[in-house]
Amino acid sequence: MKLSTAIAFLVAAVAEGHYTFPSVANSQDWYYVRTTANFQSNGPVTNVQSEDMRCYQRTPGTGAPGTLNVTAGQSIAYNAKASISHPGPMAFYIAKVPTGQTAATFDGKGKVWSKIYQDHPKLGGTMTWPSQGARSVNVQIPKCLQDGDYLLRAEHVGLHSASSAGGAQFYISCAQITVSGGTGTYSPKNLVAIPGYLTATDPGIMINIYYPVPTSYTPPGPAVETC
Ligand SMILES: [Cu+2]
């Protein structure tokens, strides 16, 4: 790509709208997903040390109205509104709710999050991102989970203006789920706290994806856990 073309593409990408992740499965918006602070503006989180990185809640301490029943091993759709218009990586994290709390009451603080899904760009020529333009991304709930309540966190990072620290745009929300039918052997190797799991200069979030086009990519955050 010529530099002038790359710049034109960059300007076009910046001008596109932001987005939210307001629902899972076929539910209404903000029913199983906690209402985010950007529910009207659609704007991103850019400070990776902010408490907003966890669930980006409009009203921290307030749960969503509903908690979705999910069978371990099932894939569920996590929906974007209007669509994931920026280029960048998509990930999902889960946190088991401690005994004595519910998915509606748990605040998600502490080293309780593990990554269960991470996509990767296609390399060669321009970088191509699997989620870009998607209105929904399917995530499989691991078959090996212990039964019980969890927070399921969607994270998409817009990398269209991420060449300096603080430029990456995080689009986040947390759904409340109750898992049943799991085999119970899930033993995550990399539990992280959110915030605290990233720094602004991590190579996966401080990157110029347009010029020169990267030939490799390391997603932000921990490795994906397997059953
Ligand atoms: Cu945007």
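User: Where is the place of Pro195?

Analyst: Pro195 lies in the segment after strand 8. Helices (H or I, at least four residues) and strands (E, at least two) are DSSP runs, numbered from the N terminus. This is a predicted model, where local features need pLDDT of at least 70, side-chain atom pairs count only at pLDDT 80 or more, and totals for chains, interfaces and linings use all residues. Residues are numbered from 1 along each chain as its sequence is written.

User: Which residues does a cis peptide bond join, and what is omega?

Analyst: Start with the general idea. Most residues other than glycine have a negative phi, and most peptide bonds are trans. Here a cis bond joins Ile194 and Pro195, with omega about 0 degrees. Another cis peptide bond links Tyr211 and Pro212, with omega about -10 degrees. Pro212 also sits in the segment after strand 8.

User: What is phi of Ala25?

Analyst: Phi of Ala25 is near 55 degrees, a positive value in a residue other than glycine. Asn42 has a positive phi too, near 65 degrees. Ala25 is in the loop between strand 1 and helix 2. The loop between strand 1 and helix 2 holds Asn42 as well.

User: How many C-beta neighbours does Ala25 have inside 10 Å?

Analyst: First, the cut-offs. A residue is buried if 20 or more other C-beta atoms lie within 10 Å of its own, exposed if 12 or fewer, and partly exposed in between; C-beta atoms are placed from the backbone. Ala25 has 17 such neighbours, so it counts as partly exposed. Asn42 has 15 and is partly exposed. Across the protein, buried residues make up 42% of the 227 residues.

User: How many helices and strands does the protein have?

Analyst: Two helices and eight strands. From the N terminus on, the order is α-β-α-β-β-β-β-β-β-β. The radius of gyration is 17 Å, close to the 17 Å of the globule rule for 227 residues, so the protein is as compact as a globular protein of that length. That radius is taken over C-alpha atoms, and the rule is 2.2 Å times the number of residues to the power 0.38.

User: What is the order of the open sheet of three strands?

Analyst: Two strands pair if DSSP finds at least two bridges between them. The order is 1-3-6, with antiparallel pairing. Strand 1 (20-24) and strand 6 (136-140) stand at the edges with a single partner strand each, so one side of each has no neighbour in the sheet. Strand 1 pairs with strand 3 (residues 75-81) over three bridges. In that pairing, Thr20 stands opposite Lys81.

User: Which residues touch the most other members of the largest nonpolar core?

Analyst: In soluble globular proteins, nonpolar side chains tend to be buried together. A nonpolar core is a set of buried Ala, Val, Leu, Ile, Met, Phe, Trp, Tyr and Cys residues joined through C-beta atoms within 7 Å. The largest one has 59 residues, and those touching the most other members include Phe92, Tyr150 and Ala175. Strand 8 (residues 169-180) gives the largest share of this core, seven residues.

User: Where does Phe92 stand?

Analyst: Phe92 stands opposite Tyr117 in strand 5. Strand 4 (residues 90-96) and strand 5 pair in the antiparallel sense over five bridges. Strand 5 (residues 113-118) is mostly covered, with five of its six residues buried.
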